Amino acid sequence: MTVAVTPHPQVDRSAGVTAPAGFRAAGVIAGIKPAGKPDLTVVVNDGPYDLAAGVFTTNKVKAAPVLWSQQVLTTGKLKAVVLNSGGANACTGPEGFQDTHKTAEELAAILGIGAIEVGVCSTGLIGERLPMDKLLPGLKAAVDALGNAAEHGLAAATAVMTTDNVPKQAVFKHPDGWSIGGFAKGSGMCAPNMATMLSVITTDAIVDQPHLDHVLRNAVGKTFNRLDVDGGTSTNDTVLLLSSGASGVAVPVDEFEAALTALAADLVKQLQADAEGVTKHVSITVKNAATEAEAVAAAKVVAEDNLCKTAFFASDPNWGRIAMAVGNAPTAFDPSLLDITLNGAAICVAGGKGVDRSEADLSGLEIDVVIDLHAGSASATVLTTDLSHAYVEENSAYSS
């Protein structure tokens, strides 16, 4: 099993981005969402360091804020991030990019910093311009609301929600006096490579920028990129990591990466638990593959297969669908050696029927799928959910 499904004793959900020293945050109602819900978040790094790194969507269709944030992060520094929900600002052309630029300029002017020091993220409906007459005045309200208490971090996590039901945050506290905190949003269009999936992570540890970038990519690869709700990689996926260095503690890179991975893994578990229409939390582990890449590929094919997902919804131990899906994966193995275990029951052994299906009890919330390819020594775990009536209804009833 990978870290994506391993709980960590130093991670809890009592706080988020304001837990590390040197950070303030706010989440306010700017009026971007017609329903009048919180829709604008600002996170500010007060230093003394302003180092940052980011990982973005692999989709060829990238939203304006993704293009902007990729551009400004070439400096390796950010002093603030602004995130809006209620509109993705994707497929909006040059005008949409100008809106993003104007957003960064306005926040920079209020904070007395440069626009190049401001990251921008957006989430919501694709193809519509943002209501700048609401967003820009909202920035002043957000800055006025900034604070470093736990409730400020929770407000920041809440204002980025779209179809999410609950805010998602976590904090890793090290006994040596440094910490990592973060929030994430996303419940559909979620196959990160990085849903519409946004995450801001903060730390007061001292880590130089090249290593900050390196460990973020490694952690995202093991956590956010191992979540696959529906196979849809969004136009807006962004994970940002900001370091203030305010703890004064220089942390060894390996130790920091382990902590960051544990924090990200907890955020991913929260994303899985709040996925659109979810009734099952499914963990798919492929072991003894030729390479880790092949293990991931096989697990993702199962995670995205609608026949498998509907069987999970029905609590049906239909291992034939899993075998079919694995056989369609770009993965080398001998079908006569294939083993499949569902919630501990060896239901497929050596490519054929194992124990009786009745021994695989899938009636609970958690479904654990283990696929043994007997083709090598590599393994990987991908988290997914079932395909329920509620998922179909939610995604067919309105635009999101």
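This passage describes two helix pairs, α2 with α3 and α8 with α9, in a predicted model.

Two packed helices are described by the angle between their axes and the distance between the axes. For helix α2, spanning residues 93-111, and helix α3, spanning residues 132-144, the axes come within 10 Å and cross at roughly 25 degrees. Since angles under 35 degrees count as roughly parallel, α2 and α3 are therefore roughly parallel to each other, and their crossing is right-handed. On the α2 side, the contact involves Asp 99, Lys 102, Thr 103, Glu 106, Leu 107, Ile 110 and Leu 111, which meet Met 132, Leu 135, Leu 136, Leu 139, Lys 140 and Val 143 of α3. Of the residues that form this contact between α2 and α3, eight are nonpolar, one is polar and four are charged.

In the second pair, helix α8 (residues 306-313) and helix α9 (residues 319-327) have axes that come within 9 Å and cross at roughly 155 degrees. Because angles over 145 degrees count as roughly antiparallel, α8 and α9 are roughly antiparallel to each other, and α8 passes α9 in a left-handed crossing. The residues of α8 that make the contact are Leu 307, Cys 308, Thr 310, Ala 311 and Phe 312, while α9 contributes Arg 321, Ile 322, Met 324 and Ala 325. By residue class, the contact of α8 with α9 comprises seven nonpolar residues, one polar residue and one charged residue.

Definitions and conventions
Residues numbered from 1 in each chain as written. Predicted model: local features only at pLDDT ≥ 70, side-chain atom pairs only at ≥ 80, totals over all residues. Heavy atoms only, no water. Axes fitted to C-alpha atoms, helices over the stretch in contact; angles between N-to-C directions. Helix = DSSP H or I, 4+ residues; strand = E, 2+ residues; numbered from the N terminus. Parallel < 35°, antiparallel > 145°, perpendicular 65-115°, else oblique. Left-handed = near helix turned anticlockwise from the far one by under 90°. Contact = heavy atoms within 4.5 Å. Nonpolar A, V, L, I, M, F, W, Y, C, P; charged D, E, K, R; others polar.
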